[in-house]
Amino acid sequence: MRDTALIFRRQLSTSLRSPLWMVVGLVQPVVYLVFFGPLLAGLNLGANSWQVYIPGLLVQLALFGAAFVGFSVIADVRSGVIERMRVTPVSRVALLLGRVLRDVVLLVAQTVVLLVVAFGFGLRAPIGGVLLSLVLIALLTTSLAALSYTFGLATKSEESLAPLLNTVTVPLLLLSGILLPMSLAPAWLDVISRFTPLRYVVDAIRDAFLGHYTSTTTLTGLLVAAGLAGIAIAWGSRVFRRDNA
């Protein structure tokens with residue numbers, strides 16, 4: 001825990017010295033909020049359109065904010081930062097956990113900012129639903145960041161990591177019901193989307209925004225997000241131990 005806190009402080013201070021990327025990360029969801037959100041007013045979504053749309057934007061923010069962090073560990077390998085840390089007694093697992101914790105803190109902060117903006121546009125959700133959505137975003141960020149760092153350390157090449165991430169993130173974006181609920185999709189597409197874990201997280205946040213905290217959809221989303229985070233951390237820890245032995 002001490003080593004994780006040490007790595008976390010180092011990574012966080014690095015990010016705070018150059019906050020531009022955090023602002024850039026918010027630009028795309030806000031653009032979708034401003035220019036795409038009003039188009040939903042004419043659709044019969046069965047609820048306030050913002051309660052359907054904003055959960056997708058939150059997951060989109062986590063997806064693109066955490067899925068590409070693996071490039072930073074490649075830069076650390078190339079610049080010798082990882083090599084210098086190998087000769088210290090710092091925990092190899094902490095090299096992963098400290099980075100992931102930094103990403104969780106930053107993405108949750110960005111999520112709060114986006115929610116504040118969304119409430120200005122007309123989003124209405126109970127405080128319990130908002131807090132539950134932050135938990136789900138934190139778990140999702142944990143899994144995506146851990147997987148990205150793992151792939152980054154395994155490939156050690158931007159040329160290999162970039163197409164790999166694009167191949168994964170684009171289907172996730174299209175099949176998770178981020179922009180519109182998959183209940184509007186034809187049956188065959190709905191079935192395919194059920195194999196994407198992000199769909200369950202999006203649906204869980206939408207239920208939470210409606211105040212359904214103990215529904216099957218909400219509980220399934222929590223279990224999927226927690227399970228994915230556990231698997232990602234376990235796999236990432238193994239790779240970081242092996243590659244930093």
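Trp 50, Tyr 53 and Phe 121 form one aromatic cluster. The model is a predicted one.

**Aromatic pairs**

Across the whole structure, a search finds five aromatic pairs. One of them joins Phe 64 and Phe 68. This pair is stacked, with 6.4 Å from centre to centre and 5 degrees between the planes. How accessible is Phe 64? Phe 64 counts as partly exposed, at 30% relative accessibility. Phe 68 also counts as partly exposed, at 25% relative accessibility.

Phe 151 and Trp 235 form an edge-to-face pair. Their centres lie 5.4 Å apart, and the angle between the planes is 80 degrees. This pair links distant parts of the chain. Phe 151 sits in helix H7, while Trp 235 sits in helix H11 (residues 216-243). The two are 84 residues apart. Phe 151 is partly exposed, with a relative accessible area of 25%. Trp 235 is partly exposed as well, at 38% relative accessibility.

The two pairs are set out here.

| Pair | Geometry | Centre to centre | Angle between planes |
|---|---|---|---|
| Phe 64 and Phe 68 | stacked | 6.4 Å | 5 degrees |
| Phe 151 and Trp 235 | edge-to-face | 5.4 Å | 80 degrees |

**Helix H7**

What follows H7? Lys 156 comes next, and its phi is positive, near 55 degrees.

**A nonpolar surface patch**

Besides belonging to the aromatic cluster, Phe 121 is part of a nonpolar patch. Which helix gives the largest share of the patch? Helix H2 (residues 20-35) does, with seven residues. Val 23 is placed in H2.

**Arg 199**

Arg 199 lies in helix H10 (residues 197-209). Is Arg 199 buried or exposed? Arg 199 has a relative accessible area of 7%, so it counts as buried, the cut-off being under 20%. Which residues touch Arg 199, leaving aside neighbours within four places in sequence? Its contacts are Leu 175, Ser 176, Met 182, Asp 190, Ser 193 and Arg 194.

Definitions and conventions:
Residues are numbered from 1 along each chain as its sequence is written. This is a predicted model: local features need pLDDT of at least 70, side-chain atom pairs count only at pLDDT 80 or more; totals for chains, interfaces and linings use all residues. Side-chain values use heavy atoms; hydrogens and water are left out. Helices (H or I, at least four residues) and strands (E, at least two) are DSSP runs, numbered from the N terminus. Patches are made of residues with over 30% relative accessible area and no salt bridge: like charges are joined within 9 Å, nonpolar side chains (Val, Leu, Ile, Met, Phe, Trp, Tyr) within 5 Å. Accessible areas come from the Shrake-Rupley method with a 1.4 Å probe; for residues, only the protein chains shown count as cover. A salt bridge is a side-chain nitrogen of Lys or Arg within 4 Å of a carboxyl oxygen of Asp or Glu. Buried means under 20% relative accessible area, exposed over 50%, partly exposed in between (1.4 Å probe, protein chains only). Contact means heavy atoms within 4.5 Å. Rings of Phe, Tyr and Trp (its six-membered ring) pair if their centres lie within 6.5 Å; planes under 30 degrees apart count as stacked, over 60 as edge-to-face and the rest as tilted.
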